[in-house]
Amino acid sequence: MNIIRKPFLLVLMVAVALTFGCRTKTKVTPKTTPDNTSSDSVGDVNTTPDMTSTVSDRADFVDENDRMVEETIPSDIGELNKVAQERGWIRDAYFDYDEATLSAEAQEALTVSASWLKNNPTYALTVEGHCDSRGTEQYNLALGDRRANVAKDYLATLGVDSGRIRTVSYGEERPFDSGTSDESYHQNRRAHLVLGR
Amino acid sequence: MADQKTGSSTSASILLSLRALAIAVTLTVLSMQTSAQQEVAADIDPSKAVSLVKIAAPFPQLAAGVAAGTVQQGFFSPLTRDLAFSEIFQIVPLPPNVPPSVEASGRAGATAFLKTDMSTEGEEYIVEARLYDVKSRTILLGKRYRGKVGALTRMAHTVANDLVRYYNGKPGIFLSQITFVSTRDGQKEVYLMDFDGSNQRRITSHGSISLSPEWSPDGEQIVYTSFARGTSDIYIVNRRGGGRKRLETGVGLNISPMFSPDARDVAFVGSVRGNPDIYLIGSNGSEVRRLTNSNSIETTPAFSPNGRQIAFTSSRTGTPQIYVMDAEGSNVRRMSFDGNWNDDAAWSPDGEQLAYTSRVGGKFQIRIMSPNTSRTRILAGEGSNEQPAWAPDGRSIVFTSNRSGRWQLYRISIDGTNLYQLTTEGQNTAPSWSPTVQ
């Protein structure tokens, strides 16, 4: 089953990436073939005709709607998580200090994530709650649980099947940034979205 | 650690003398001062300070063929460390080249003489210990112990426990153990050590995050949280590391587990839809009950020693504070009012005091409160100091501190003296002190 489904899934995901206009770092290769706009225009009469491209390039001139972006959807789940985060298909929600309410930015991030998740219904999702290290261990585990569930509930209200989503709180146990600056603390206060099979 | 392990009886007795002097001075000063300081003085029982028993406890008399080095390391060093730690005895050194005797002890100023004799029989060591009253020359206590070389330290702790029990009627803590979490082998795992930091060993190997171990009332089991399955779950394991079982709570989070004093239940923090509350589950896995029902965060439950109350942390007023409720969940009252972050409440063994982690000026400190009066005091120290746990005799506390740049466990007497570092390897947190085991 899996062998048959995967190519289909890949195509589906590319389509999704295009449809939803997600932020993408993939470059579109610029057209470098000869510009044949001259065929119906005046001027450039001295240009030596390029016999190899005259006929075949007509299609480009007529129809530019088949431009495409090709991105590889990693089959390895770990690699997929990395790529999905890098390209912004899946975005984490960040929190203020000792808070478990979603800011406008956090809601926006989860909205983007929900779109991708709804269009890729085969993946499970784990929402990890994380805290900065300034509190106490046990309280932060509870706070992380609250953050993870707030994010889960929001994804559910956006139409992601909550049965796909599991939560886990790591409190301050697995910081993303071990520093003690405000930016480090900010990085560590989040609901982190992790795709699974 | 090396220095601490090889401490001689001489240095121990000097330490004790200084300590006795310090207490005497403190008491004198305090008696002239106002009630604010008497809050601290209340923890120092004057009768204890003046009643240090001057004891001569010389190196054992060895039968032919018994290796002195083995006896020193396995038996004599732990015995003298125990006596020095007891806050009951002051060790009186006997002059060298004089055979230990009741008379020699008396001349050296001791009122008690601990005579020990060590012999071997096959692979077994036999210790005979006799406690003499110097004045009357009578034997107050006589015990005989036998066991292989690995049991020598246990024999030493047992002798010390017997001596403590003889003088103050309460069992000593010298066979008690501390369970804790350490990263020394990579991930956070659960470890054990003897009360003095010796004999540190790992009892879990989840290869995952394991947290907050707590003893069963009989000292035979440890309950803790681990992420071994990817989610946080409650496990119970024998103290030697075997017989592990997982408690199916049916709810999420599953942190801060703690046995009830009758061992029937485990209190823990469960969560349904992101609402952490205090729950109970039978320690055999039966019947989950919810004790708190609040929209705020409730965490870190701690049964009082008589089992009738549970202290916990709640953010219901906006910041984490310590509360106490009856064990069925009713009659909730707020206990902590100092500062904007309090957690990790721990009852003293007599139920008279609560120690907890309290934010003071951007760092955490151990605060000790008498619930009856709501008065608190701080066991101040460098760095952040968190997660207090009481010794079974209530005279000292073990806690974690990052004062050295890493999280290490320290023991301190509750009057703020006798600070002693227990761990050195890795990051060490979440200590829990066993009940007294014999």
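This is a predicted model: local features need pLDDT of at least 70, side-chain atom pairs count only at pLDDT 80 or more; totals for chains, interfaces and linings use all residues.
Biologist: How many helices and how many strands does the secondary structure of chain A come to?

Modeller: Residues are numbered from 1 along each chain as its sequence is written, and chains are lettered from A and ligands numbered from 1 in the order in which they are written. Helices (H or I, at least four residues) and strands (E, at least two) are DSSP runs numbered from the N terminus. Read from that end, the elements of chain A follow the order α-α-α-β-α-β-α-β-α-β, and the total is six helices and four strands.

Biologist: What percentage of the 197 residues of chain A count as buried?

Modeller: With a 1.4 Å probe and protein chains only, a residue is buried under 20% relative accessible area, exposed over 50%, and partly exposed in between. Among the 197 residues of chain A, the share that counts as buried is 40%.

Biologist: How much area do chain A and chain B bury between them?

Modeller: The size of an interface is often given as the accessible area lost when the parts come together. That buried area is found with a 1.4 Å probe and summed over both parts. Carbon and sulfur atoms carry 54% of the area buried between chain A and chain B, which comes to about 2,300 Å².

Biologist: Which residue of chain B forms a salt bridge with A:Glu173?

Modeller: A salt bridge is a side-chain nitrogen of Lys or Arg within 4 Å of a carboxyl oxygen of Asp or Glu, and the count between chain A and chain B is two. In the one formed by A:Glu173, the closest N and O atoms are 2.7 Å apart, and the partner is B:Lys188.

Biologist: Which residue has a side chain in polar contact with the side chain of B:Ser182?

Modeller: B:Ser182 lies in strand β7 (residues 177-182) of chain B, and it counts as buried because its relative accessibility is 0%. Leaving aside residues up to four places away in sequence, B:Ser182 touches several residues, among them B:Lys188 and B:Glu425. A polar contact is a pair of N or O atoms within 3.5 Å; within protein, one must be able to donate a hydrogen and the other to accept it, and residues adjacent in sequence count only if both atoms are side-chain atoms. At 2.8 Å, the side chain of B:Ser182 makes such a contact with that of B:Asn428.

Biologist: Is B:Glu287 buried or exposed?

Modeller: B:Glu287 sits in the loop between β16 (275-282) and β17 (288-290) of chain B, and its phi is positive, about 45°, although it is not a glycine. Most residues other than glycine have a negative phi. With a relative accessible area of 54%, B:Glu287 is exposed.

Note on methods:
Side-chain values use heavy atoms; hydrogens and water are left out. Buried area is the accessible area (1.4 Å probe) that two parts lose on being put together, summed over both. Contact means heavy atoms within 4.5 Å.
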